[in-house]
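Visitor: I am new to this structure and would like to learn how to read it. Please show it to me and take the features one at a time.

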Amino acid sequence: MIRIPALCFAACLTVVPTFAFAEAPVITAAKAVRSGMGWKISVTLKHPDQGWDHFADGWEVRDMAGNRLGLRELAHPHGHNKSFTRSLSSVMIPDGVRKVQIRARCSGDGWGAQVYVLTLE
C-alpha cells in the first residue's frame with residue numbers, strides 16, 4: 001500500500017477556481033433617421049444571452065463629450081448569440097451634432113467597452 005503524506009494529498013486536491021466570463025454585447029449596426037423634432041435610433045446587438053440572469057439589457061446614445069442623450073432598456077433575453085434590433089424614438093440631438101456614440105450593456109457585466117460611433121446624415 002502506498003502512503004501519501006497528508007500535506008501532499010491536500011495540495012494535490014486543491015481546486016483552482018476557473019471563471020467563465022461572458023462576452024460583452026456587440027453592436028453590429030446602427031442607424032439614425034430624423035423623426036419630427038428628434039431622431040429614431042435603431043441598434044442591432046449580438047450577445048450570448050444566458051437566460052434571465054445574464055442578457056443584453058440596454059444601450060445608450062451619448063454625444064461625443066459623453067453626455068447621455070437617450071437610453072433604451074431591454075426587458076428580456078433575446079436568445080443565445082442571436083442578433084436583434086431595437087429602436088428608440090424621440091432622441092433629442094442638438095443641432096449641429098454630426099456624430100453620436102452608442103454603448104451596450106448586459107445585466108451580468110454592465111457596460112461593454114465597445115463604443116460605436118454613428119454619423120448622422
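Guide: Start with the elements: helices (H or I, at least four residues) and strands (E, at least two) are DSSP runs, numbered from the N terminus. Serine 90, for instance, lies in strand β5. The secondary structure of this chain comes to one helix and eight strands, in the order α-β-β-β-β-β-β-β-β along the sequence.

Guide: Two notes on the source. Residues are numbered from 1 along each chain as its sequence is written, and side-chain values use heavy atoms, with hydrogens and water left out. The model is predicted: local features need pLDDT of at least 70, side-chain atom pairs count only at pLDDT 80 or more, and totals for chains, interfaces and linings use all residues.

Visitor: What is the mean pLDDT of the chain?

Guide: pLDDT is the predictor's confidence in each residue, from 0 to 100. The mean for the chain is 84, and 82% of its residues reach 70 or more. Where pLDDT is low, the predicted coordinates should not be read in detail.

Visitor: Is serine 90 buried or exposed?

Guide: Buried means under 20% relative accessible area, exposed over 50%, and partly exposed in between (1.4 Å probe, protein chains only). Serine 90 counts as exposed because its relative accessibility is 56%. There is another thing to read at this residue. Most residues other than glycine have a negative phi. Serine 90 has a positive phi of about 60° although it is not a glycine. For the chain as a whole, buried residues make up 34% of the 121 residues.

Visitor: Which residues touch the most other members of the largest nonpolar core?

Guide: In soluble globular proteins, nonpolar side chains tend to be buried together. A nonpolar core is a set of buried Ala, Val, Leu, Ile, Met, Phe, Trp, Tyr and Cys residues joined through side-chain atoms within 4.5 Å. Here the largest core has 21 residues, and Ile41, Val43, Leu45, Trp59, Ile93 and Ile102 touch the most other members. Two or more residues come from each of β1 (26–35), β2 (38–46), β3 (56–62), β5 (84–91) and β6 (99–106). Strand β2 gives the largest share, four residues. Leaving out residues up to four places away in sequence, isoleucine 41 touches a list of residues including Trp59, Val61, Leu88, Ile102 and Leu118.

Visitor: Where is leucine 118?

Guide: Leucine 118 is in strand β8 and counts as buried because its relative accessible area is 7%. Across the chain, among contacts between residues at least 6 apart in sequence, 55% join residues at least 24 apart.

Visitor: How many aromatic pairs does the structure hold?

Guide: A pair of aromatic rings is described by the distance of the centres and the angle of the planes. Rings of Phe, Tyr and Trp (its six-membered ring) pair if their centres lie within 6.5 Å; planes under 30 degrees apart count as stacked, over 60 as edge-to-face and the rest as tilted. The structure holds one such pair. The ring centres of tryptophan 52 and phenylalanine 55 are 6.1 Å apart and their planes are at 75°, so the pair is edge-to-face. Tryptophan 52 is exposed, at 62% relative accessibility, whereas phenylalanine 55 is buried, at 7%.

Visitor: How many salt bridges does the structure hold?

Guide: A salt bridge is a side-chain nitrogen of Lys or Arg within 4 Å of a carboxyl oxygen of Asp or Glu. The structure holds five. Arginine 105 forms one with aspartate 57, with the closest N and O atoms 2.9 Å apart. This pair links strand β6, where arginine 105 lies, to strand β3, where aspartate 57 lies, 48 residues apart. Both residues are buried.

Conventions:
Contact = heavy atoms within 4.5 Å.
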